[in-house]
Amino acid sequence: MKKSRFIAGFSAMALAISAMSISAFAAPEPTKIDQTTPEPKQGQAVITTTIEPTYIVTIPADTKVAFNALDTDFGTIELTKARLDPGKVVRVHLDSDYKLKNKADESRTIRYDIVSTDDVGTTGSLKNFDAQLEFEGDDCPLTIKITQDDWNAAYAGEYSDTVTFNVQYTDAAPKA
């Protein structure tokens, strides 16, 4: 008997909560205008929508540098799709120690730099640079530079390094 009262009470409570949650999501009532509405006889309705920001950043593919090449095309950082909030940008920062490491002995390295002259006005080394991309099609072409002195000092062997492209959706830097 007590068990059935508990179940009945619990069911009634669940039904009441369910009814409350349904009414909480009910659509707003339309405005009614009739002969008793004061002049001017008009009403207003607000239309809204939300568009989430979206972007796609394309970064360079793996690249092989030819021995003794002073300049090697490294590809392009490009904002290939962009729907950003006003005042926002996609910032791309390169992270590396800028040393190709010998596979057999990582203490043997070849120093390199990554430079760019891009459509958004950036020129020079990217070691401390954040590419700031705002519009679809904004890009930052990259070149790997190794000096002849660094090639001349290099040991034989296989070398590699990894460049990490850190992408951030953030506020635009103030324009100078």
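Reply: **Salt bridges**

A search of the whole structure finds 7 salt bridges, a salt bridge being a side-chain nitrogen of Lys or Arg within 4 Å of a carboxyl oxygen of Asp or Glu. The model is predicted, so local features need pLDDT of at least 70 and side-chain atom pairs count only at pLDDT 80 or more, while totals for chains, interfaces and linings use all residues. Residues are numbered from 1 along each chain as its sequence is written, and side-chain values use heavy atoms, with hydrogens and water left out.

One of the pairs is Lys 145 with Asp 71, whose closest N and O atoms are 2.6 Å apart. This pair links distant parts of the chain, 74 residues apart: Lys 145 lies in strand β9 (residues 139-145) and Asp 71 in strand β2 (residues 71-83). Strands here are DSSP runs of E, at least two residues, numbered from the N terminus. Lys 145 is partly exposed at 35% relative accessible area, and Asp 71 is partly exposed at 48%. Buried means under 20%, exposed over 50%, and partly exposed in between (1.4 Å probe, protein chains only).

Lys 41 and Glu 39 form another salt bridge, at 3.9 Å from N to O. Glu 39 is exposed, with 65% relative accessibility, whereas Lys 41 is partly exposed at 38%.

Asp 105 and Arg 108 also meet through their side chains, at 3.4 Å from N to O. Asp 105 is partly exposed at 30%, and Arg 108 is partly exposed at 32%.

Key:
Helices (H or I, at least four residues) and strands (E, at least two) are DSSP runs, numbered from the N terminus.
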